Amino acid sequence: MTRRVDPSTSTARAGLGRGDTGDGDELVAPLSLASVRAYADLPSVDEAMEGRDVYRRYGGGNPQRLEEAMIELETVPGRAAPVARVTSSGQAALLLGVTLVVSPARPRVVVVRPCYGGTDSLIAGPLGNLGVRMSTVDLPPDESGSHGDLVAAVLGPDVGAVVAEVITNPLIGLIDIPAVAAAAHEAGAACIVDSTFTPPFLFQPFAHGADLVIHSLTKHLAGHSDVSGGLLLVDPAHEASDWLDANARLLGCGLAPFDAWLALRGLRTASLRIERCSENAAALAAFFAGRAELQAVHYPGVRGGRDSALADQLLPRGRGPMLSIDLRGGGTAAGAFIRRLDGIRLAPSFGDVATTVSYPASTSHRALSPQQRAALGIGDGLVRISAGIEHIDDLKAEFDAALVAASAG
């Protein structure tokens with residue numbers, strides 16, 4: 001039996017051959033941009049149609065190499081490997097996942113919030129127009145109460161899936177995924193886990209009850225803000241795995257070869273980047289703690305007690321590169337804080353190799369009313385931070401100056 005290597009080793013070698021072809025393998029995964037192949041005769045094309053390289057929408061070549069690398073990372077030791085398809089975006093991965101588990105008999109999807117604004121907008125909007133119904137479990141801002149009990153309270157025989165993030169966006173609260181998955185399974189529903197904030201170096205959802213796992217490759221995994229892509233993985237024990245390939249082809253949500261090639265290139269350094277980014281995020285959370293300019297710091301485990309115990313249980317290898325701060329003075333203070341930043345840039349996304357900030361009220365959650373945002377704990381002073389790999393002293397100095405500017409108005 002081949003010894004299982006550490007994720008940092010497998011990612012560094014992602015997409016590479018062993019160099020044992022006799023002529024040697026290229027040290028960089030080759031790039032194939034052809035959208036379709038030509039064949040000599042009918043038997044040849046008939047045989048090719050059973051595979052994936054015949055047509056770009058079928059997802060062979062570079063997309064398949066990326067899938068194989070991610071499957072290795074998300075495979076739980078002692079369990080069968082999941083099946084996977086890379087997609088054109090994280091939203092496409094969610095769309096694909098929901099189509100696999102909803103049905104006329106189970107048309108309802110339960111979304112645990114706060115979450116990425118596009119998640120409930122997709123399910124309630126375009127999918128809602130097609131008959132999918134959405135219910136929400138809105139966690140209290142202090143995340144009190146059992147997550148499993150809160151989810152179980154809205155479940156029923158009409159629920160096809162429960163969708164939850166490991167770490168909530170944008171409040172960076174940690175969800176008790178094992179409890180949520182257990183509640184979903186008790187009701188006969190699938191548990192879809194969005195693990196974008198927690199790449200597989202930090203957390204493996206299949207080890208904690210997930211049936212389907214979503215990643216936005218655009219973020220930390222590719223890591224350089226030059227890719228748009230997503231990924232859906234399905235536990236082979238779930239019946240949805242039988243439909244994954246067919247649904248992906250029919251929906252036409254495949255990832256372009258060049259984006260797959262770029263994502264695979266970024267993946268090779270992801271373990272090292274995320275380790276450094278997570279260290280910086282932890283140091284920044286400690287730096288922000290107790291600052292008079294802030295009314296709250298949001299980071300996994302920061303509340304102590306059950307929150308800290310859950311973080312120790314689920315995220316022993318690091319708590320991720322994300323944190324949020326809530327400035328006293330609301331939107332005015334947030335605006336002054338952001339204007340004072342120099343090398344740290346304002347961007348509506350996250351996961352870059354350099355540190356960025358975003359303002360959820362006008363980006364990811366702008367579709368919600370101020371009252372809806374307030375109910376979820378997303379105030380006008382909330383700024384989300386995606387920690388990069390810079391030297392921590394430089395980040396502290398820049399954020400310190402921005403906090404002083406925010407308090408001065």
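How many of the five residues of strand β5 (residues 190-194) are buried? I put this at the head of the page and came back to it after looking at the whole chain. I note at the outset that the model is predicted.

**Entry 1: the whole chain**

I looked up the secondary structure and found 15 helices and twelve strands in the protein chain. The radius of gyration is 22 Å, close to the 22 Å that the globule rule gives for 409 residues, so the chain is as compact as a globular protein of that length. I noted the span of the C-alpha trace along its principal axes as about 75 × 50 × 40 Å. Of the 409 residues, 53% are buried. I also checked contacts with a separation of 6 or more: residues 24 or more positions apart account for 73% of them. The exposed surface comes to about 17,300 Å², and carbon and sulfur atoms supply 53% of that area.

**Entry 2: strand β5**

Back to the opening question. Five of the five residues of β5 are buried, so this strand is largely enclosed by the rest of the structure. I then took the two faces in turn. Ala190, Ile192 and Asp194 lie on one side, Cys191 and Val193 lie on the other, and both faces are covered. For a partner I found strand β4 (residues 159-165), which pairs with β5 in the parallel sense over five bridges. Within this pair, Val163 has Ile192 of β5 as its bridge partner.

**Entry 3: a five-stranded sheet**

Next I traced an open sheet with mixed pairing, whose five strands run in the order β8-β9-β12-β11-β10. β8 (294-298) and β10 (345-346) stand at the edges with a single partner strand each, so one side of each has no neighbour in the sheet. I followed β8 to strand β9 (residues 322-327) and found antiparallel pairing over four bridges. Val297 stands opposite Ile325 in β9.

Which helices go with this sheet? I found helix α11 (residues 270-288) lying across β8, β9 and β12 (382-386), at about 20° to β9. Helix α13 (residues 330-340) also packs on the sheet, where it touches β9, β10, β11 (356-358) and β12. The direction of α13 makes about 125° with that of β9.

**Entry 4: nonpolar cores**

Last, I looked for nonpolar cores. The largest has 60 residues, and those with the most contacts inside it are Leu66, Val151, Leu155, Val162, Leu174 and Leu267.

Key: Residues are numbered from 1 along each chain as its sequence is written. This is a predicted model: local features need pLDDT of at least 70, side-chain atom pairs count only at pLDDT 80 or more; totals for chains, interfaces and linings use all residues. Side-chain values use heavy atoms; hydrogens and water are left out. Two strands pair if DSSP finds at least two bridges between them. Helices (H or I, at least four residues) and strands (E, at least two) are DSSP runs, numbered from the N terminus. Contact means heavy atoms within 4.5 Å. Axes are lines fitted to C-alpha atoms, for helices over the stretch in contact, and angles run from 0 to 180 degrees between N-to-C directions. A nonpolar core is a set of buried Ala, Val, Leu, Ile, Met, Phe, Trp, Tyr and Cys residues joined through side-chain atoms within 4.5 Å. Buried means under 20% relative accessible area, exposed over 50%, partly exposed in between (1.4 Å probe, protein chains only). The radius of gyration is taken over C-alpha atoms; the globule rule is 2.2 Å times the number of residues to the power 0.38. Accessible areas come from the Shrake-Rupley method with a 1.4 Å probe; for residues, only the protein chains shown count as cover.
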